[in-house]
Amino acid sequence: ISVVCPQLNIGKNKPYEFELFPNPANDKLTIVWQGNEEYNVSYSIVDSYGRIIMERNPGVISDRINQQEDISDLQRGIYFFRIMFGEEGSCKMFVKE
């Protein structure tokens, strides 16, 4: 993960919650996050070679968000979902079937 997500502060206390499901996924990937402050949110999907496949910038968010991404065009394999909340971030692996 450190090769794909080198700048992220993984393992530190985070002022937000972040979920990614289903895993493994077929056509849709659901992202749910809950912040207790306003954050400028951005996220990306990265393949196992570290290439950015998709990037989104929903902007400043302060409440619970439930977002769905269409991943039907992705090839089967392992991907990483990187999300940034301001300067803090997290990375989770998911499998595309």
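This is a predicted model: local features need pLDDT of at least 70, side-chain atom pairs count only at pLDDT 80 or more; totals for chains, interfaces and linings use all residues.
Strands of a sheet pair through backbone hydrogen bonds, either parallel or antiparallel.

Local features are given for residues with a pLDDT of at least 70 and side-chain atom pairs at pLDDT 80 or more, whereas totals for chains, interfaces and linings use all residues. Residue numbers start from 1 along each chain as its sequence is written, and side-chain values use heavy atoms, with hydrogens and water left out.

## Strand 3 and its two partners

Strand 3 (residues 39–47) pairs with strand 4 in the antiparallel sense over 7 bridges, and its antiparallel pairing with strand 6 likewise comprises 7 bridges. With strand 4, strand 3 forms a hairpin that has 4 residues between the strands, and Gly 50 in the turn has a positive phi of about 90°. Strand 3 is mostly covered, 7 of its 9 residues being buried, where buried means under 20% relative accessible area, exposed means over 50%, and partly exposed lies in between, computed with a 1.4 Å probe on protein chains only.

Ser 44 belongs to strand 3 and, with a relative accessible area of 5%, is buried. Its position can be followed to either side: Ser 44 stands opposite Glu 55 in strand 4, while its bridge partner in strand 6 is Arg 82. When neighbours within four places in sequence are left aside, Ser 44 is in contact (heavy atoms within 4.5 Å) with Ile 52, Met 54, Glu 55, Phe 80, Phe 81 and Arg 82. Tyr 43, in turn, has Arg 56 as its bridge partner in strand 4.

## Aromatic pairs and a charge over a ring

The whole structure holds 6 aromatic pairs; rings of Phe, Tyr and Trp (its six-membered ring) pair if their centres lie within 6.5 Å, and planes under 30 degrees apart count as stacked, over 60 as edge-to-face and the rest as tilted. One of the pairs, Tyr 79 with Phe 94, is stacked, at 5.7 Å centre to centre and 20° between the planes. It joins Tyr 79 in strand 6 to Phe 94 in strand 7, 15 residues apart, and both Tyr 79 and Phe 94 are buried.

Ring pairs also link Phe 18, Trp 33, Tyr 39, Tyr 43, Phe 81 and Phe 85 into a cluster. The charged end of Lys 92 sits over the ring of Phe 18, 4.5 Å from its centre, by the criterion that NZ of Lys or CZ of Arg is within 6 Å of the ring centre and within 35 degrees of the ring normal.

## Strands 2 and 5

Strand 2 (residues 28–35) has 6 of its 8 residues buried, so this strand is largely enclosed by the rest of the structure. Strand 2 and strand 5 (residues 65–70) pair in the antiparallel sense over 6 bridges, with Ile 31 having Gln 67 as its bridge partner in strand 5.

## The chain as a whole, and its confidence

The protein chain contains 0 helices and 7 strands, and 39% of its 97 residues count as buried. Of the contacts between residues at least 6 apart in sequence, 60% join residues at least 24 apart.

The mean pLDDT (the predictor's confidence in each residue, from 0 to 100) is 85 for the chain, and 84% of the residues score at least 70.

Technical notes: Two strands pair if DSSP finds at least two bridges between them. Helices (H or I, at least four residues) and strands (E, at least two) are DSSP runs, numbered from the N terminus.
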